[in-house]
Amino acid sequence: MNYSRRFMVKPGAKVRLGDIDPGFTDEHESKKTAHKLTERNSLRLRELQELLYAEHQISLLICLQAMDTGGKDGVINHVLGVMNPQGCKVASFRQPNSLERDHDFLWRAHRDVPARGQVAIFNRSHYEDVLAARIHKLAPKSVWSKRYNQINQFEKSLSENGTHILKFYLHIDKDEQLRRFKQRLDDPSKHWKISETDYTERQRWDEYVTAFEDMLSKCSTHYAPWFVIPANHKWFRDLAVSQILVEYLQGLHMTLPPASVDIAKIRKKYHAAAQKG
């Protein structure tokens, strides 16, 4: 199955998350059947990142959004962790600090966009300003409602200047979130992840669903598409994200740059050095 086509939000489409099955696993019945495909994708993703780094013509921005426990860290660790850190960085978008609040809401996003040859991963992103800012009334509707268009223009500008943008919403249901909360409680190694806000934010589940649906509906474009990834099963989430990334990057037909030196001359120097020992 072409997961890019299956999970992409078509520009202009109205998203209803309740109509999308977060437990979907395609023909795969378990992690075992999908694991080999994910491993193959991981190896290919590493090769494609090296091509992007060597070609040094474009960049890649990956945005991850989800409900709490949705799997953003998991995707970074299990899918994107194969990338060479020399050409990849992760930026986390938490509550803005005083410096960030003194700038326009896109300033901190622009500060972390990738340079040519680089990959940037946004763990949460500039979309927090139409999610948390909306739900917690950190900005009035007259302000945040204009941000969808501002975000689209921002992403269009990035795209026109060589940054390719792929955005993933990791879709879990409310029952799965509660199961993951329990796993954190039962596993002492995960206690550091627990926050009281997990439960206060959970009470706003329906508000977040509405905000995410508006985000997906208003800001999926041909130059910066959103993908809704079924994420109740972590192993399928990883397979789907890795396959979409590989398919997209292969479609860019990147090539290694030509040598910047005279290879024949360097070869002679090598043989001369080898003879001298």
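Ala 66 sits opposite Leu 170, a residue of strand 4, where strands are DSSP runs of type E with at least two residues, numbered from the N terminus. This is a predicted model, so to speak: local features need pLDDT of at least 70, side-chain atom pairs count only at pLDDT 80 or more, and totals for chains, interfaces and linings use all residues. Residues are numbered from 1 along each chain as its sequence is written, and side-chain values use heavy atoms, with hydrogens and water left out.

Strand 1 (residues 59–66) and strand 4 (residues 163–171) pair in the parallel sense over eight bridges; two strands count as paired if DSSP finds at least two bridges between them. Ser 59 also has its opposite number in strand 4, namely Thr 163. Strand 4 is joined to strand 5 as well, by five bridges, and these two run parallel. Here Tyr 169 has Val 228 of strand 5 as its bridge partner.

Zooming out, five strands make an open sheet with parallel pairing, in the order 2-3-1-4-5. Strand 2 (88–92) and strand 5 (226–230) stand at the edges with a single partner strand each, so one side of each has no neighbour in the sheet. On average, neighbouring strands of this sheet are turned by 20° against each other, direction ignored; the axes behind such angles are lines fitted to C-alpha atoms (for helices over the stretch in contact), and angles run from 0 to 180 degrees between N-to-C directions.

Next come the cysteines. Zero disulfides turn up in a search of the whole structure, a disulfide being a pair of cysteine sulfur atoms within 2.5 Å. For Cys 88, the nearest cysteine sulfur is that of Cys 63, 13 Å away. Cys 88 is buried, with a relative accessible area of 16%. Cys 219 is in no disulfide either, and the nearest cysteine sulfur, that of Cys 63, is 11 Å away. Cys 219 is buried too, at a relative accessible area of 0%.

Conventions. Buried < 20%, exposed > 50% of the residue type's maximum accessible area, 1.4 Å probe, protein only. Helix = DSSP H or I, 4+ residues; strand = E, 2+ residues; numbered from the N terminus.
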